[in-house]
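Subject: Structure for your files

Hello,

Here is the structure I said I would send. Please look it over alongside the notes below.

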Amino acid sequence: MSNWIKACAVDDIPNEDVIRFDHGGATYAIYRKDDKFFATDGLCTHEKIHLADGLVMDYTIECPKHNGRFDYRTGAAKGAPVCIDLKTYPTKTEGDAIFIDIG
Amino acid sequence: MSDLRSIVIIGAGECGICAALTLRDEGYTGEIALIHGEAVEPYEKPPLSKPGPDGISIKPISGTDRILRENIAVYHDQRVTEIDRTIKSVVLTNGEMISYDRLLLATGARPRALMIDGREIQQARLFRDFSDAKAFFDILAPDYRLTIIGGGFIGLELAAAARQRQVQTTLIESAPRLLGRAVPEALAARIEARHREEQVQFHIGQSISSISPTRKVTLADGTEIMSDIILAGIGSMPNMDLAEQCGLTIDNGIAVDACFRTSDPAIFAAGDCCSFPHALYGMKRMRLESWRAAQEQGAHAARAIIGSTGTYQSVPWFWSDQYDLTLQIAGLPSEGVTIVKRMLDDKSEILFHLDVEGRLVGASGLSRGNKIAKDIRLAEMLIAKRSHPDHQALADPKFNLKSLLNA
């Protein structure tokens, strides 16, 4: 079941960067790479740290605390100390707005 | 690699685990024996001094589940009593003998005991492993009087954990300030102020003249501090007894080369127990005690064991959490002579440390939450690239440091 939520405006996210989006008691991270947008759970699977404080390089988000790395397109964990993948969410752009499908 | 059939790793902390898994990642298919001195599963040590409200629990080292699948023999609750270099074998406490083609010492470090007038003070607890942490937090009750000796990371993190449990906390540091050379003075002062806000009582620049059997601590100036619990966090010493016994070269730790090979070509050492020449800092010999260095050195040593000749280049990095504050340090601030300050907001600052030639050699950041993390990570990459960044760019919080990486 789809449940599209408006998350932010396109210009809210600098290119190759991430912002935090909170909704309904949950927290998400939304990423921009050129004109593409991606969304994952907002907390690292290692110690529940907000990923939006972390560094984005290409398609990798790195946890700001212990450098756990994930591919934010797929959520795949990329080695120690993280071994559990991040959940990802579909995104779409309508005009200036970015929506994510939290299902 | 083909002549290697048996690799023994002594120590199943971050370093030993990472080494074992890296051997498999790199295609080594022979035997691996991992000697683990404790009965519990290998666990992460940083959380022990930063417990949440629910207290201490075992957090397994990431990837430990793979150990079973990867055909790695773990010897729990066993120590090595002897290394025989002539027949290349180790003997365990249970008498079992294991032969090795290559041996990795990942024996870590242990806390320095508190000595006064040449005598060890038994009343002062030490803090290193799970059993130390469990015993400490189990008896820590609200309104207990805790006296911490040593204003380093362990002492300060435990002071924060104690205050969060309403424990009356006093901290004694014999040096003129907290955190020594590892942390710049300006950041150490902010950390001290945060602890004072939380009612930690400090005695800085004070040595201890005596500690009574009933835990009364008397300082050099005559101040008396009554305590229910005393904890000493006054540094650690590399575990190198085995290396000494079998005659390996020692130099502030088990001396290794830039590939973590000891003076015996069949024996390697990595992590807290070794000193190594760091290629990023003019091959200056150093010993690092940190979670990430332990992993990286374990992995590097594993690759060297199976034939890689690469030189270790990783940038030192560590962090500390106290209350709502996060401290992160990349590189070696003490190698710098110039400081450039970047204020991200009024509570989040980064100090960049540059050497005489303007090369970035360290970065230290302090913030509420993890605000400084991105820039510290970028600083780490700039340090690795031996960059000479523009001071104005570093100081301007609106300037994206990522653009310096391609400069």
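The notes take the helices of chain B, then some single residues.

Please keep in mind that this is a predicted model.

Helices H1 and H7 of chain B

H1(B) covers residues 14–25 and H7(B) covers residues 291–305; their axes come within 7 Å and cross at roughly 35°. The crossing is right-handed. From H1(B), the residues in contact are Glu14(B), Cys15(B), Cys18(B), Ala19(B), Thr22(B) and Leu23(B). Their partners in H7(B) are Trp291(B), Ala294(B), Gln295(B), Gly298(B), Ala299(B), Ala302(B), Arg303(B) and Ile305(B). Sorted by class, this contact has 9 nonpolar, 3 polar and 2 charged residues.

Helix H5 of chain B

H5(B), residues 185–197, has 13 residues and should span 18 Å at 1.5 Å a residue; its end C-alpha atoms are 18 Å apart, so the length agrees. Leu187(B), Ala188(B), Ile191(B), Glu192(B), Arg194(B) and His195(B) are buried in this helix. Seen down the axis, the buried residues of H5(B) fall within an arc of 160°, so they line one face of the helix. An α-helix has 3.6 residues a turn, so residues three or four places apart point the same way. Glu185(B) and Glu197(B), on the other side of H5(B), are exposed.

What do the buried residues of H5(B) pack against? The elements are helix H4 (153–163) and strands E14 (201–204), E24 (317–322), E25 (325–331), E27 (348–354) and E28 (360–368), all of chain B. Just after H5(B), Gln199(B) has a positive phi of about 70°.

In H4(B), 9 of the 11 residues are buried, so the helix is largely enclosed by the rest of the structure. The buried residues are Gly155(B), Leu156(B), Glu157(B), Leu158(B), Ala159(B), Ala160(B), Ala161(B), Ala162(B) and Arg163(B).

H8(B), residues 373–384, is mostly covered, with 10 of its 12 residues buried. Among them are Asp375(B), Arg377(B) and Glu380(B). The 12 residues of H8(B) should span 16 Å at 1.5 Å a residue, and the end C-alpha atoms are 17 Å apart, which agrees.

Single residues in loops

Glu16(A) is in the loop between strands E1 (4–9) and E2 (17–23) of chain A. Its relative accessibility is 17%, so Glu16(A) counts as buried under the 20% cut-off. Phe260(B) is in the loop between strands E20 (254–255) and E21 (267–269) of chain B. At 0% relative accessibility, Phe260(B) also counts as buried.

Is Ser57(B) buried or exposed? At 52% relative accessibility, Ser57(B) counts as exposed. The residue is in the loop between strand E2 (31–35) and helix H2 (64–69) of chain B. Its C-alpha atom is separated by 9.5 Å from that of Ala133(B), 76 residues apart along the chain.

Arg73(A) is in the loop between strands E7 (69–71) and E8 (88–89) of chain A. At 40% relative accessibility, Arg73(A) counts as partly exposed. Leaving aside residues up to four places away in sequence, Arg73(A) touches Phe38(A), Tyr59(A) and Thr88(A). The C-alpha atoms of Arg73(A) and Thr40(A), 33 residues apart along the chain, are separated by 8.3 Å.

Regards

Technical notes: Residues numbered from 1 in each chain as written. Chains lettered and ligands numbered in written order. Predicted model: local features only at pLDDT ≥ 70, side-chain atom pairs only at ≥ 80, totals over all residues. Heavy atoms only, no water. Axes fitted to C-alpha atoms, helices over the stretch in contact; angles between N-to-C directions. Helix = DSSP H or I, 4+ residues; strand = E, 2+ residues; numbered from the N terminus. Left-handed = near helix turned anticlockwise from the far one by under 90°. Contact = heavy atoms within 4.5 Å. Nonpolar A, V, L, I, M, F, W, Y, C, P; charged D, E, K, R; others polar. Expected span 1.5 Å × (residues − 1). Buried < 20%, exposed > 50% of the residue type's maximum accessible area, 1.4 Å probe, protein only. Arc of directions from axis to C-beta.
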